[in-house]
Amino acid sequence: MNEVVNCAAYHEGRRVANVGLSEIKTILQQPDRFVWIGLHEPSEALLCEVQEAFNLHDLAVEDAHNAHQRPKIESYGDTLFIVLRTAQMNFAEHHIDFGETHFFVGANFLVTVRHGSSLSYADVRNRCESTPHLLRKGQGFALYAVMDSIVDQYFPVVDALESELTEIEEKIFKEKPTRETTEQIYFLKRELLEVKRAVSPLIDICNRLTRFDIKLVSEETQNYFRDIYDHAVRINEMVDNARELLN
């Protein structure tokens, strides 16, 4: 599988060139352009190349290589490092597949690093490229678009868990409780806790991105992160309600 999924330069919201890692430093020196590169489970050697091209901090690159990070936002000089957990419902095996996406955000670049179970962000990029009047806001808008896609994937996951909870309720009230029902309850509690751990930090992350001390996100783009904040709060409340019912 290709570790570099996509790497392109943008000007005024339009893709102007597909670029290789060796060209990135030159592109970054050009005014009014930003680079958006997507990586999927990159090797340590590739991450070192990316680190050199974008001048990324050692600790953040180490985190991006190791994966299994908790959701967070950290500042390293003039670069932001953000970790989000992704989630998809695996209906065939009746459980949630979790993955991670790491972001490096600079003054004129966005690097996304996907690990584990995660949908490709090709559709997100295509939607952004179809609305150059929005993408011209720069790397901050590209960050919003990917984060929004990740958060939206939690709604069908929580809906599926709520449906499972309804089924358990019906079993309890209509039938004599069995060992299988008890196991279902504990399994569902564990899944809801995992979702809670993934979503709760998003509220703080979005709060940080809407504050004016984050210079890498323009004021007009900060409003978009309030929309993600609202979604994160809503998902968090849905999870809390389901956990209360289970208890």
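# A tour of the predicted model

Welcome! The structure holds 0 disulfides. Keep in mind as you go that this is a predicted model.

**Stop 1: the cysteines**

Select Cys48 to begin. Cys48 is in no disulfide, and the nearest cysteine sulfur, that of Cys7, is 17 Å away. A pair of cysteine sulfur atoms has to be within 2.5 Å to count as a disulfide. Show the surface around Cys48 and you will find a partly exposed residue, with a relative accessible area of 41%.

Now move on to Cys128. Is Cys128 buried or exposed? Cys128 is buried, with a relative accessible area of 3%. Cys128 is in no disulfide either: for this residue the nearest cysteine sulfur is again that of Cys7, 16 Å away.

**Stop 2: helix α3**

Next, select residues 58-66, which form helix α3. Which residues of this helix are buried? They are Ala60, Val61, Asp63 and Ala64. Turn the view until you look down the axis of α3: the buried residues fall within an arc of 155 degrees, so they line one face of the helix.

What do these buried residues pack against? To see the partners, colour helix α2 (44-54) together with the strands β4 (72-76), β5 (79-90), β6 (95-106) and β7 (109-116).

**Stop 3: positive phi angles**

Stay with α3 for a moment and step just past its end to Ala67, which takes a positive phi of about 60 degrees.

Then go to the loop between α2 and α3, where you will find Asn55. Asn55 has a positive phi of about 60 degrees, although it is not a glycine. This residue is exposed, with a relative accessible area of 65%.

One more to select is Glu12, in the loop between β1 and β2 (14-18). Glu12 is not a glycine, yet has a positive phi of about 55 degrees. Its relative accessible area is 39%, making Glu12 partly exposed.

**Stop 4: the largest pocket**

Finish at the largest pocket, which has a volume of about 220 Å³.

Definitions and conventions
Residues numbered from 1 in each chain as written. Predicted model: local features only at pLDDT ≥ 70, side-chain atom pairs only at ≥ 80, totals over all residues. Heavy atoms only, no water. Buried < 20%, exposed > 50% of the residue type's maximum accessible area, 1.4 Å probe, protein only. Helix = DSSP H or I, 4+ residues; strand = E, 2+ residues; numbered from the N terminus. Arc of directions from axis to C-beta. Contact = heavy atoms within 4.5 Å. 1 Å grid on protein atoms, 1.4 Å probe; cavity = no way out; pocket = protein on both sides within 12 Å on 5 of 7 lines; lining within 4 Å. Points joined across faces, edges and corners; volume = space filled by probe spheres on them.
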